[in-house]
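Please look over the sequence and the structure before reading on.

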Amino acid sequence: MEFLFNLILLLFLAAVTIGIIGVRNLFAVVVLSGAYSFLMATLLIAMDAVDVGMTEAAVGAGVSTVLLLSALHLTNTEEAPAKHSNVLPMALALLTGAALVYGTWDLPRYGDPDTPMNSYVGDEYLERSIPETTIPNVVTSVLASYRGYDTLGETAVIFTAGIGVLMLLYGRRRKGDDDEGGDRS
Amino acid sequence: MEGLNELAFVLGGVNHWITVFLIMAGLYIIVSRSNMIKKLVGLSIFQTSVYLLYVSPGKIIGGTAPIISDDFTVYSNPLPHVLILTAIVVGVATLALGLALVIRINEAYGSIEEDDVYSGEDWN
């Protein structure tokens, strides 16, 4: 049953992705990418990653879609017809895909509890979380306690990106008086 | 029983293969499309496929979400979830910065098509 649910969601994801490749109207692309994020969030929750699923629904389907729509508002909503042949990109993608599929041959099958990844470090965190931090949600305890520096680094990345966005758009507001502007956060 | 095992084997592989398909699709959009917003959507697909690549090996069939409770004994691996939480937030930061650049490029060149930007002679 778990396999089947997964399979259906994965096929939906692939279908939406094919839609994103084919559609030329950028509004449709943004809406499809929102649908893609929600499907991904559902799939992550089906794979027991509830925290990741909720973050993906809020950030991927919510914030990203808002950012993309505001960018569309300030630019153009139609994609120009392709001028180059798509043979070379397609060949590159297929080559990469073939190499990756070859790589998956050695990977453990989905849902296997006895893989090295699931046997040592994951179990360790599950056993230690309650005695050492008293937090029942292990994802929270690893994120905030054991790997707190990762989260600090993540905050630094967001801070840098925020400064970058502000600097890029601040100059814009002073130079261009032709449109309203300033509806980006 | 033999047939059921075969089926589980094939379905277990499907997870990896669709992940690979999403990586391919993202790469294809980034390389082949000239429109920069579409490129950024392709980049998002590329990033999102990596979430799948990380989280799906941590899933244990019959397990539950890694929140400790007396009612359950089998939990999925929490470590990939933590790594991907970080990746999601960094992904949206990348997207925001990329979109800000696209807006500035649109202002300077009047186009968000890479071909138009490269063919424009007035580099100022």
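Contact here means heavy atoms within 4.5 Å. This is a predicted model, in which local features need pLDDT of at least 70, side-chain atom pairs count only at pLDDT 80 or more, and totals for chains, interfaces and linings use all residues. Residues are numbered from 1 along each chain as its sequence is written, chains are lettered from A and ligands numbered from 1 in the order in which they are written, and side-chain values use heavy atoms, with hydrogens and water left out.

**Helix α2 of chain A with helix α2 of chain B**
- The axes of α2(A) (residues 26–46) and α2(B) (residues 36–55) come within 11 Å and cross at roughly 10 degrees.
- α2(A) and α2(B) are therefore roughly parallel to each other (angles under 35 degrees).
- Leu26(A), Val29(A), Ser33(A), Tyr36(A), Met40(A), Leu43(A) and Leu44(A) of α2(A) meet Ile37(B), Lys38(B), Val41(B), Ile45(B), Thr48(B), Ser49(B), Leu52(B) and Val55(B) of α2(B).

**Helices α6 and α7 of chain A**
- The axes of α6(A) (residues 121–133) and α7(A) (residues 138–146) come within 10 Å and cross at roughly 70 degrees.
- That makes α6(A) roughly perpendicular to α7(A) (65 to 115 degrees).

**Asn137(A)**
- Asn137(A) is found in the loop between α6 and α7 of chain A.
- Asn137(A) is buried, with a relative accessible area of 16% (buried means under 20%, with a 1.4 Å probe and protein chains only).
- Not counting residues up to four places away in sequence, Asn137(A) touches Asp51(A), Pro66(B) and Ile67(B).

How values were computed. Axes are lines fitted to C-alpha atoms, for helices over the stretch in contact, and angles run from 0 to 180 degrees between N-to-C directions. Helices (H or I, at least four residues) and strands (E, at least two) are DSSP runs, numbered from the N terminus. Angles under 35 degrees count as roughly parallel, over 145 as roughly antiparallel, 65 to 115 as roughly perpendicular and the rest as oblique. Buried means under 20% relative accessible area, exposed over 50%, partly exposed in between (1.4 Å probe, protein chains only).
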